[in-house]
Amino acid sequence: MIELDSLRGIAALIVVLHHAYLSLPVVPGWVRWVLEATPLRPIGVGRQAVIFFFVLSGFVLTRALAAQEARRSGSVLSGPGWAGYAAQRAVRLGVPVLASLLFSALLQRLVWQGPLPEEVPHLVAKAGWHEMWTWPAFLEQALLLSHGAGFQLNPVLWSLVHEWRIALLLPLALLFRGQLGLLLALSLL
């Protein structure tokens, strides 16, 4: 649905603006007030937009997967199935992740002269480039195996670790369609 994709795009734009806001070394008081006390608040907070994006993506992906399963069960045609779904998600997430990591690794090799200055606290605390990257660390980041401080080449990739995990668990939700109590019990476990 184009409407849901539009909402996901708006959430992604808010996250980009939030990171740009956090990257500013000095924020005038009136800008901080505008981004924290007006309807522009999502730019000043950002995390809610990430969570909204996750929830909306989960809904869109589950709906698409359910429609695919309905087509498969209602006809002789066989779609890609769950393994195909996982492969599609791996390519869709993996190619941009690999491209961003390669770009960041190349950029760090070309211009890095040590850790970031303390004047940009968000970047120093959350961003990478604390040290020169290594191949084992690069591989761990490319495979989306860790999150948090594990993404020193491109820190915003932490969210894709969660998106990848959620995308792989979504087909399980379809197994429990119509069995809300069982799904809830399993979730609580």
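1. In this predicted model, one cavity of 30 Å³ or more is present. The volume of the largest cavity is about 50 Å³. Its lining consists of Phe54, Ser57, Gly58, Leu61, Glu163, Ile166, Ala167 and Leu170. Two elements, H4 and H8, each give two or more residues to that lining. Sorted by class, the lining of the largest cavity comprises five nonpolar, two polar and one charged residues.

2. The protein contains nine helices and zero strands, and the order of its elements from the N terminus on is α-α-α-α-α-α-α-α-α. Of its 189 residues, 33% count as buried. Among the contacts in the protein with a separation of 6 or more, 57% are between residues 24 or more positions apart.

3. The second largest pocket holds about 410 Å³ of space. There are 18 residues in its lining, and those nearest the centre of the pocket are Arg8, Leu61, Arg89, Arg92 and Glu163. Helix H4 (47-74), H5 and H8 are the elements that give two or more residues to this lining. The most comes from H5, with eight residues. By class, the lining of the second largest pocket divides into 11 nonpolar, three polar and four charged residues. Leu61 and Glu163 deserve attention here: both are among the residues nearest the centre of this pocket, and both also line the largest cavity.

4. Which residues touch the most other members of the largest nonpolar core? This core has 14 residues, and the ones in question are Val97, Leu101, Phe138, Leu144, Leu153, Leu157 and Leu160. Helix H5 (81-111) and helix H8 (158-175) are the elements that give two or more residues to this core. H5 gives the most, with four residues.

5. Leu157 shows in detail how contacts are made in this region. With residues up to four places away in sequence left out, Leu157 touches Val97, Ser100, Leu101, Leu144 and Phe151. Another core lies apart from the largest one; it has seven residues, including Leu61, Ala66, Leu170 and Leu174. Of these, Leu61 and Leu170 also belong to the lining of the largest cavity.

6. Most residues other than glycine have a negative phi. Leu144 is not a glycine, yet its phi is positive, at about 55°. The residue is placed in the loop between H7 and H8. Is Leu144 buried or exposed? Its relative accessible area is 8%, so it counts as buried. Leu144 is also one of the residues that touch the most other members of the largest nonpolar core, and Leu157 is in contact with it.

7. The aromatic residues form a further point of interest. A pair of aromatic rings is described by the distance of the centres and the angle of the planes. The structure holds three aromatic pairs. One of them joins Trp133 and Trp135: the ring centres are 4.8 Å apart and the planes stand at 90°, so the pair is edge-to-face. The pair of Trp135 and Phe138 has its centres 5.4 Å apart and its planes at 70°, and is therefore edge-to-face. Through ring pairs, Trp133, Trp135 and Phe138 are linked into a cluster.

8. Phe138 has 6% relative accessibility and counts as buried. Trp135 and Phe138 both lie in helix H7 (residues 135-142), and because they are three residues apart there, about one helical turn separates them.

9. Ser187 is located in helix H9 (residues 180-188). With a relative accessibility of 54%, this serine counts as exposed. The C-alpha atoms of Ser187 and Ala173 are separated by 9.9 Å, while the two residues are 14 residues apart along the chain.

Notes
Residues are numbered from 1 along each chain as its sequence is written. This is a predicted model: local features need pLDDT of at least 70, side-chain atom pairs count only at pLDDT 80 or more; totals for chains, interfaces and linings use all residues. Side-chain values use heavy atoms; hydrogens and water are left out. A nonpolar core is a set of buried Ala, Val, Leu, Ile, Met, Phe, Trp, Tyr and Cys residues joined through side-chain atoms within 4.5 Å. Buried means under 20% relative accessible area, exposed over 50%, partly exposed in between (1.4 Å probe, protein chains only). Contact means heavy atoms within 4.5 Å. On a 1 Å grid over the protein atoms alone, a cavity is a set of points where a 1.4 Å probe fits but cannot get out, and a pocket is an open set with protein on both sides within 12 Å along at least five of seven lines; lining residues have an atom within 4 Å of a point. Grid points are joined across faces, edges and corners, and a volume is the space filled by probe spheres set on the points. Ala, Val, Leu, Ile, Met, Phe, Trp, Tyr, Cys and Pro count as nonpolar, Asp, Glu, Lys and Arg as charged, and the others, Gly among them, as polar. Rings of Phe, Tyr and Trp (its six-membered ring) pair if their centres lie within 6.5 Å; planes under 30 degrees apart count as stacked, over 60 as edge-to-face and the rest as tilted.
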